[in-house]
Amino acid sequence: MRVKLICESCGDIEFDGDNYQCPICNINLTKVGFIDGHKLMRMNGKKRIQWLENKLGHPISEKMINMRREYYKKQDEEEQQRLKEEREKYKRKATQNAIEYGRRLLEEKNNVPKCPICGSTNLKKITITTRVVKTAAFGTIGAIDDAGKTYKCENCGSKF
Ligand SMILES: [Zn+2]
Ligand SMILES: [Zn+2]
């Protein structure tokens, strides 16, 4: 169970036991008992102030309540700003990735082998099976012809 602390000046409540100072008023916070802390946790801001005013026996100044409201509004805005920046960063990265992907695709396309004789990209890959079939049909001559060659140009018929 974390220690609950309350600011007697602005009614701010901290559930973190490490922060012994009110972030709004910079004054020391007052520790609240277990039962009171539990009650406070379930109260909304207005009720909490009422509870505190009852406990302290004097009203909490409107100025401090407003200061507290402004403080959290600002924190909220900062958080929103941070989230917005994060989203934009993510979007930029996604765009970058898309560009990179497109570039790679284009590179792959440019890397398509071309026939050194006629420049055609209409090539057929010579597979091991083709070689085996050729060896069976034409003996070693046909196999040697294809040895070390990967492509056959469908346009001019050259192998390379
Ligand atoms: Zn305070
Ligand atoms: Zn060719």
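**Entry 1: confidence.** I looked up the confidence first: the protein averages a pLDDT of 84, and 83% of the residues score at least 70. pLDDT is the predictor's confidence in each residue, on a scale from 0 to 100. I note that this is a predicted model, in which local features need pLDDT of at least 70 and side-chain atom pairs count only at pLDDT 80 or more, while totals for chains, interfaces and linings use all residues. Residues are numbered from 1 along each chain as its sequence is written, and chains are lettered from A and ligands numbered from 1 in the order in which they are written. Confidence is highest in helix H3, at a mean of 92, and lowest in helix H5 (residues 140–146), at 60.

**Entry 2: elements.** I found 5 helices and 5 strands in the protein. Helices (H or I, at least four residues) and strands (E, at least two) are DSSP runs, numbered from the N terminus. From that end the order reads β-β-β-α-α-α-β-α-α-β.

**Entry 3: the sheet.** I traced an open sheet of 3 strands, ordered S2-S1-S3 with antiparallel pairing. S2 and S3 are its edge strands, each pairing on one side only. Two strands pair if DSSP finds at least two bridges between them. S1 (residues 4–6) and S3 are joined in the antiparallel sense over 3 bridges. Ile6 stands opposite Thr30 in S3.

**Entry 4: burial and core.** I checked burial next, and buried residues make up 9% of the 160 residues. A residue is buried if 20 or more other C-beta atoms lie within 10 Å of its own, exposed if 12 or fewer, and partly exposed in between, with C-beta atoms placed from the backbone. The largest nonpolar core has 8 residues: Leu5, Ile6, Cys7, Cys10, Cys22, Leu29, Val32 and Leu52. Such a core is a set of buried Ala, Val, Leu, Ile, Met, Phe, Trp, Tyr and Cys residues joined through C-beta atoms within 7 Å.

**Entry 5: Cys22.** Leaving aside neighbours within four places in sequence, I list Cys22 in contact with Cys7, Ser9, Cys10, Asp12, Ile27 and Leu29. Contact requires C-beta atoms, placed from the backbone, within 7 Å.

**Entry 6: Asn26.** I placed Asn26 in the loop between strand S2 (13–14) and strand S3 (30–32). Its phi is near 55 degrees, a positive value in a residue other than glycine. Asn26 counts as exposed because it has 9 C-beta neighbours inside 10 Å.

**Entry 7: helix H3.** Of the 49 residues of H3, the number buried is 1, so H3 lies largely in the open.

Note on methods. Contact = placed C-beta atoms within 7 Å.
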